[in-house]
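Please read them with the structure open.

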Amino acid sequence: MLASLGIGIATWVAFVIIAVVVLAIAGYLIAVAYTLKKVTFTLGTILIGVRAIANQTEPVGDVVAGIAGDVAAIQGALRGLLPARGRGAAPLPRGRSRSRASGRA
């Protein structure tokens, strides 16, 4: 049959080798495309999660600012309750002091 087509053995071997190489490259490209599809899905899921976290933590800045204002008002009110400094009063403490009951700052 090969002789009737006028194609030699070397040509058939070359065709088979080319077909094997093309199939190997096609398989490799399919594997890469599948991996990229999985990576794209994972990155999309992460992006959605990060956006959800950003939206949920967005109002925290306003809340913290309100709490800071309340703490400043409380501190001012407490300073008004202390005796005047000019009459031998101890200076006001700065920073955190240790709690004797729990040992925590």
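The points below go from overall fold to confidence, then to local features.

1. The mean pLDDT of the protein is 82. A score of at least 70 is reached by 75% of the residues.

2. **Secondary structure.** The protein has three helices and zero strands. Along the sequence the pattern reads α-α-α. Helix 1 covers residues 2-5, and helix 2 covers residues 9-57.

3. Where pLDDT is low, predicted coordinates should not be read in detail.

4. **Burial.** How much of the protein is made up of buried residues? The figure is 0% of the 105 residues. Buried requires a relative accessible area under 20%. The protein exposes about 9,500 Å². Carbon and sulfur atoms supply 70% of that area.

5. **Nonpolar surface patch.** Ile 9, Val 13, Ile 17, Val 21, Ile 25, Tyr 28, Leu 29, Val 32 and Leu 36 form a nonpolar patch on the surface. Together they have about 860 Å² of accessible area. One of these residues, Leu 29, sits in helix 2. Why does Leu 29 count as exposed? Its relative accessible area is 51%, and the exposed class starts over 50%. Leu 29 is therefore classed as exposed.

6. **Aromatic pair.** The structure holds one aromatic pair. Trp 12 and Phe 15 form it, in an edge-to-face arrangement. The centres are 6.2 Å apart, and the planes make an angle of 85 degrees. The edge-to-face label applies because the angle is over 60 degrees. Both residues lie in helix 2. They are three residues apart, about one turn of the helix.

7. **Exposure of the pair.** Are Trp 12 and Phe 15 buried, partly exposed or exposed? Trp 12 has 29% relative accessibility, so this residue counts as partly exposed. Phe 15 has a relative accessible area of 45%, so this residue is partly exposed too. Both values fall between the 20% and 50% limits.

Note on methods
Residues are numbered from 1 along each chain as its sequence is written. This is a predicted model: local features need pLDDT of at least 70, side-chain atom pairs count only at pLDDT 80 or more; totals for chains, interfaces and linings use all residues. Side-chain values use heavy atoms; hydrogens and water are left out. Patches are made of residues with over 30% relative accessible area and no salt bridge: like charges are joined within 9 Å, nonpolar side chains (Val, Leu, Ile, Met, Phe, Trp, Tyr) within 5 Å. Accessible areas come from the Shrake-Rupley method with a 1.4 Å probe; for residues, only the protein chains shown count as cover. A salt bridge is a side-chain nitrogen of Lys or Arg within 4 Å of a carboxyl oxygen of Asp or Glu. Helices (H or I, at least four residues) and strands (E, at least two) are DSSP runs, numbered from the N terminus. Buried means under 20% relative accessible area, exposed over 50%, partly exposed in between (1.4 Å probe, protein chains only). Rings of Phe, Tyr and Trp (its six-membered ring) pair if their centres lie within 6.5 Å; planes under 30 degrees apart count as stacked, over 60 as edge-to-face and the rest as tilted. pLDDT is the predictor's confidence in each residue, from 0 to 100.
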